[in-house]
Amino acid sequence: MKKLLHISKCFICVAAFLMLSLLAAFDSEAAAHNGSLQTNRSTGVVTYKVEGLDLAVDSAFKIQVTNVTTKTVWEDEITLDAENCIDGIYTGTVCLSDLKYDFANYSIAAVIGEETVEMGTVDFTIHTGKASLKVTGNNGDVNRSVTLTSTEAAGGVLVPGTDNQVSVQVWNKSRAESAASTVGAATALKGTQSWTIDTTKSGNYYGTWCAKVVVTNAKNWTGSYTLASAEYAVVPTATSFTTKKTTALENKKSFGVYLKGLKNAFGIKGISFRIYNSKGKQVASVKGTAKKADGSYYYAAVTMKKLKYKLDRYTVKAVLTDKNGKSYQLGKTTSSDQRLKKGTFTIRKKKNATCTYKITNAYVPGKFKKVQMVLYRVKSGKNKKLGTYKAKASSSKKNYSVTVHNESKGTFRAKIYGTTKWGTKYLLGNQKFKLKKSDMGKNGWYYEKYKGKKYKFYYVNNVKQTDLTKVLKIKKSSSSHTNNFYIEVNRAACVVTVYMYNEETDKYDIPINTFTVCVGADVWSNAGAGGLNTKTSFTPLGNYSICTNGQSVKYTMKPMNEPDGSVVYARWASHIVGNVYFHSIAVGSQSHYALPASTYNRLGTACSAGCIRMAVADAKWIYDYVSTGTKVKIVKGNKSKPGPLDKAKTIKVKGGINYDPTDPGVPDSRKKKDYKAKRISGYKTKSGKKVGY
């Protein structure tokens, strides 16, 4: 019994050993199956190998292809035989056509009996991530360049398979993508390649356009895939859009608008410029003028009249009308500053008892027609107007200044105004200031030299006084009152200076009045009074007096014989010598309104028949204040040395004025009216006040 039990145990051990051996052999056979893949994207074919096959055991297997994303499975049953399984290796292929050209990543496995051999993953996707599309060219150009670029490594393929073609489709972004149109014929996909598109053949729409490269394959599959896309703009463009103010434009109260380098895919029919104020409201529109035949340059002048003379900072926008009749507003804008610039107002006190009032960097479109300074005396909080003064412009017309003599100490206010060429007046500056005694300069009597000789002058606030009648309270000459004067006639300068006797120096060195006159036309003559006759036209040199030769002294109206035999009439005549008198400009009749303007305007020149012609007021001063016997010296003189009181300014009159503006016999109202109308440059009132000169 024990022996049988031992035999049984041995049998069981052997059986177990055999079983383990069989299992080990089976496991070894199973582990021998393996597979590999090789993908050719350019042909769309994957080649696989299954190794470790045994025809005695493995009669068939399944090739199983699974879409990684959708998990869709494609299978094929492979029957093994000696022809396709050589040395235990089976080689097969899976094509895109097998997969119905479903571009995706796939995993491939071989199912052998109960065993699944994973062979790897196949990339049959379209590499959109390695494709880019770029549209180049000016936004206003008709033609654009579209370039597809591949970043695949050498030998890389964007789209797997053969006979793939690409084409470009474009559409306006505001419209549906289904409205896209194909540009040009489809071409073989080469990876990196370019096309030229005509933007006008896909619709005349402005704005953003979309472009895409689509892949198609008429031989192998239907439909299309987008490989890459890009956006581009179809809008008018310009290289520059500016405004400018030139001297010529400023004179016309305008500024220029310049649009250059203009391009538009749909052509250019015209340009208009819309003007907006600082609040964004359109206030004007101006048609542009083409400055080049190709329409690339447009210009317009914008006048202040067009802007209703409103001062503001304006924005200018350009609106293009194309050859299809469509309008488009360009993205570029420009601006023009048409605002008033008040500038800086300064008051400078000077040592000569004057103040210079200056406005710097003031500006108004068209530049100022005039700038005036108004001076006020401030007293008890009230402004009392002292005068209005015209400011002189600098060469650039950005700065204006006027110098005014200080009249008294105290508190003052100065306001400076600019008037535009269209008549609007603006306050540019307003300052309050004080003048002290030290700002008044010279006041009273001063001995000073003139051309090497010393004279006694009288100053008021640093201004040398040229008529001391009121200062010295000179009385009119009469039988009971004699004024101690000396008169000198500077024939070359056409100036008469009256001097008063100075008891301090025992000289006639106080110049008290000066007159600009006419002397004899024959200034070349050096003759004295001995050569005078009714035919001569010279003022004799020499020493004389009022009433030389004992002739009649003075006439309120004096008939006088001219060299041509005619008779003229002169007011306020004072006799010097022979037929030579101080007198007003002679006229053809005894009327205050018989004086030709051309004759009056000759004051200050040598044009008389020998007498000393004067303005009516000046001749009357000689008549009233110069006593009989007063010494009169007529010298050849010098134009550059008119006298210690200089040459007095004369009034100028325009044609149509037939009176002397200093004549007290002419009403002040008439003079004032003509002065305001600028027919006379100045006048003298009946009371003796000078206006305008």
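Throughout this section, a residue is called buried under 20% relative accessible area, exposed over 50%, and partly exposed in between, with a 1.4 Å probe and protein chains only. By that scale Lys 690 is partly exposed, because its relative accessibility is 43%. The structure is a predicted model, in which local features need pLDDT of at least 70 and side-chain atom pairs count only at pLDDT 80 or more, while totals for chains, interfaces and linings use all residues. Residues are numbered from 1 along each chain as its sequence is written, and side-chain values use heavy atoms, with hydrogens and water left out.

We may start with the overall form. The protein chain contains 47 strands and 5 helices; these are DSSP runs numbered from the N terminus, with helices (H or I) of at least four residues and strands (E) of at least two. Its C-alpha trace spans about 200 × 65 × 45 Å along the principal axes. The radius of gyration is 56 Å, whereas a compact globule of 693 residues would have one near 26 Å; the value is taken over C-alpha atoms, and the globule rule is 2.2 Å times the number of residues to the power 0.38. Of the 693 residues, 43% are buried.

Lys 690 lies in strand β47 (residues 690-691). Its C-alpha atom is separated by 8.7 Å from that of Thr 662, a residue 28 positions away along the chain.

Lys 71, in the loop between β3 (60-67) and β4 (73-79), has a positive phi of about 65° although it is not a glycine. Lys 71 counts as exposed because its relative accessibility is 57%. Asp 163, which is not a glycine either, has a positive phi of about 60° and sits in the loop between β10 (143-150) and β11 (165-172). With a relative accessible area of 39%, Asp 163 is partly exposed.

Charge pairing comes next. Side chains of opposite charge can pair when their charged atoms come close. The structure holds 14 salt bridges, each defined as a side-chain nitrogen of Lys or Arg within 4 Å of a carboxyl oxygen of Asp or Glu. Among them, Lys 442 pairs with Glu 448, with 2.4 Å between the closest N and O atoms. Glu 448 is buried at 18% relative accessibility, and Lys 442 is partly exposed at 26%. Another salt bridge joins Lys 476 to Asp 624 (3.9 Å, N to O). This pair links distant parts of the chain, 148 residues apart: Lys 476 is in the loop between β34 (463-464) and β35 (485-490), and Asp 624 is in helix α4 (residues 616-625). Lys 476 is partly exposed at 46%, while Asp 624 is buried at 12%. In a further salt bridge, the closest N and O atoms of Arg 679 and Asp 674 are 2.8 Å apart.

Finally, Lys 369, Lys 370, Lys 385, Lys 390, Lys 425, Lys 654 and Lys 678 form a surface patch of positive charge. Such patches are made of residues with over 30% relative accessible area and no salt bridge, like charges being joined within 9 Å. One of the members, Lys 678, is located in the loop between α5 (668-676) and β46 (683-684) and is exposed at 63% relative accessibility.

Terms used: Patch = residues over 30% accessible without salt bridge, like charges linked within 9 Å, V, L, I, M, F, W, Y side chains within 5 Å. Areas by Shrake-Rupley, 256 points an atom, 1.4 Å probe, with all protein chains shown as cover. Lys, Arg positive; Asp, Glu negative; His and termini not counted. Charge placed at Lys NZ, Arg CZ, Asp CG, Glu CD.
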